Amino acid sequence: MKALTLFLDAAESYSKDFCVCQSLRCKRLTRLITLQLHFLTTLHKTKLINLRRKSLLPCILALPRFYQAAVVAEAYDFTPDWSEVLYQQVILKGDFNYLEEHKQHGLLRTGTFEEIAHKFKQNAANESAVRNLKKLLTYCEDIYVYYKLAYDNQFYDVVNMLLNDAQTGCCLNDLLAN
């Protein structure tokens, strides 16, 4: 608790001295300490403090919520392979709440869907993973990428649904004709 208080005081002091970068760093570390304190009071015993670079991705993969992973990534100034994290959390574990949180932060890009689909193809998939990938693709706002990934993964029921849909069918037919 003392560390938390010290970082809060430091953040305030730095902001008064117009040292914005240091102030933001203190705030990120404060969030990390708060999250670590939260885990000390629960059954989730993940260590978040003093992590080495090589243990950041496994730590992020072990966290059950996106906001927790984001706190750790920001505190260590680390950009994880979000497509790998989403593959693990959404495709393998079926946690679509994680995907929703990720989407709310504006990080869900078309390329992410392509990377996840590529990871899916590289690994042996069970029925649950197939179902989860199909559901994940419904979040893709680029209709052509949605179609292409469904076709590439032999989800012909999805392909036919997209082609027969009144809104998407015309657009896809035009794109495919070119």
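Helix α11 (residues 166-177) comprises twelve residues and, at 1.5 Å a residue, should span 16 Å, a value with which the 17 Å separation of its end C-alpha atoms agrees; the expected span is taken as 1.5 Å times one less than the number of residues in the helix. The model is a predicted one, in which local features need pLDDT of at least 70 and side-chain atom pairs count only at pLDDT 80 or more, whereas totals for chains, interfaces and linings use all residues. Residues are numbered from 1 along each chain as its sequence is written, and side-chain values use heavy atoms, with hydrogens and water left out. Helices are DSSP runs (H or I, at least four residues), numbered from the N terminus.

Within α11, the buried residues (under 20% relative accessible area, where exposed means over 50% and partly exposed lies in between, with a 1.4 Å probe and protein chains only) are Thr168, Gly169 and Leu172. Viewed down the axis of α11, these buried residues fall within an arc of 100°, so they line one face of the helix; the arc is that of the directions from the helix axis to the C-beta atoms. The buried residues of α11 pack against α9 and α10 (156-164), contact being defined as heavy atoms within 4.5 Å. The other side of α11 carries the exposed residues Ala166, Gln167, Cys170, Asp174 and Ala177. A nonpolar surface patch of about 250 Å² is formed by Tyr144, Leu175 and Leu176. Patches are built from residues with over 30% relative accessible area and no salt bridge, like charges being joined within 9 Å and nonpolar side chains (Val, Leu, Ile, Met, Phe, Trp, Tyr) within 5 Å, and accessible areas come from the Shrake-Rupley method with a 1.4 Å probe, only the protein chains shown counting as cover for residues.

The loop between α9 and α10 contains Asn153, which counts as buried at 12% relative accessibility. Not counting residues up to four places away in sequence, Asn153 touches Ala117, Phe120, Lys121 and Leu133. The C-alpha atoms of Asn153 and Ala117 are separated by 8.0 Å, although the two residues are 36 places apart along the chain. Gln154 lies in the loop between α9 and α10, but counts as exposed at 57% relative accessibility. The phi angle of Gln154 is near 60°, a positive value in a residue other than glycine. A phi near 60° is likewise found at Asn50, which is placed in the loop between α2 (20-40) and α3 and is exposed, with a relative accessible area of 66%.

In helix α8 (residues 127-137), the buried residues are Ala129, Asn132, Leu133, Leu136 and Leu137. Seen down the axis of α8, these residues fall within an arc of 135°, so they line one face of the helix. The cover over the buried residues of α8 includes α5 (82-92), α6 (96-104), α7 (110-122) and α9, while the face turned away from the buried side carries the exposed residues Glu127 and Arg131.

The structure holds six salt bridges, a salt bridge being a side-chain nitrogen of Lys or Arg within 4 Å of a carboxyl oxygen of Asp or Glu. One of them joins the side chains of Glu101 and Arg65 (2.6 Å, N to O), linking distant parts of the chain, with Glu101 in helix α6 and Arg65, 36 residues apart from it, in the loop between α3 (56-62) and α4 (66-75). Glu101 counts as buried at 12% relative accessibility, whereas Arg65 counts as partly exposed at 40%. The side chains of Lys119 and Asp81 also meet in a salt bridge (3.4 Å, N to O); Lys119 lies in helix α7 and Asp81 in the loop between α4 and α5, so the pair ties together parts that are 38 residues apart in sequence. Lys119 is buried, with a relative accessible area of 15%, and Asp81 counts as partly exposed at 33% relative accessibility. Asp81 and Lys119 are linked with Glu84 in a network of salt bridges.

A further salt bridge is formed by the side chains of Lys134 and Asp157 (3.0 Å, N to O). Lys134 lies in helix α8 and Asp157 in helix α10, so this pair ties together parts that are 23 residues apart in sequence. Both partners are partly exposed, with Lys134 at 26% relative accessibility and Asp157 at 46%.

Technical notes: Helix = DSSP H or I, 4+ residues; strand = E, 2+ residues; numbered from the N terminus.
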